[in-house]
Amino acid sequence: MQEKIEDIKHIQNTIWAMYKGYLKDHDMRKWNDGMGKLTKEYADKGDQQLLTFVQWSLITWCPIINGFAEEFRKGD
């Protein structure tokens, strides 16, 4: 149980760090690479529940990041 809790913390903290990084550099490629790495990390672990959590977490962030990307493009 504790290991799964640590994994969830890692997933949330990784996504939050990706978000903060994106706000600084507006680099969609870096965001997408981070999404791919995090997804692969949990696909490789073989825990379907955690992989689904990663996937759905990233899906919920997509409209936010895409909205910011649009705003950043307008401002550039």
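User: Happy to look at this one with you. Is Asp7 buried or exposed?
Analyst: Let's start from the cut-offs: buried means under 20% relative accessible area, exposed over 50%, and partly exposed in between, with a 1.4 Å probe and protein chains only. Asp7 has 10% relative accessibility, so the residue counts as buried.

User: Good to know. What kind of model is this, and how are residues numbered?
Analyst: This is a predicted model, in which local features need pLDDT of at least 70 and side-chain atom pairs count only at pLDDT 80 or more, while totals for chains, interfaces and linings use all residues. Side-chain values use heavy atoms, leaving out hydrogens and water, and residues are numbered from 1 along each chain as its sequence is written.

User: Which residues does Asp7 touch, not counting those up to four places away in sequence?
Analyst: Asp7 sits in helix α1, residues 2-25; helices here are DSSP runs (H or I, at least four residues), numbered from the N terminus. Contact means heavy atoms within 4.5 Å. By that rule, Asp7 touches Tyr42, Lys45 and Leu50.

User: Nice. How are α2 and α3 arranged, roughly parallel or antiparallel?
Analyst: Helix α2 (residues 28-45) and helix α3 (residues 48-75) have axes 9 Å apart and an angle of about 170°. Axes are lines fitted to C-alpha atoms, for helices over the stretch in contact, and angles run from 0 to 180 degrees between N-to-C directions. Angles under 35 degrees count as roughly parallel, over 145 as roughly antiparallel, 65 to 115 as roughly perpendicular and the rest as oblique. The two helices, α2 and α3, are therefore roughly antiparallel.

User: Which residue does Lys4 pair with in a salt bridge?
Analyst: A salt bridge is a side-chain nitrogen of Lys or Arg within 4 Å of a carboxyl oxygen of Asp or Glu. For Lys4, the closest N and O atoms of the pair are 3.1 Å apart. The pair links distant parts of the chain, 43 residues apart, with Lys4 in helix α1 and its partner in the loop between α2 and α3. That partner is Asp47.

User: Last one: how many salt bridges does the structure hold?
Analyst: Besides those pairs, Lys30 bridges to Asp25. In total, the structure holds seven.
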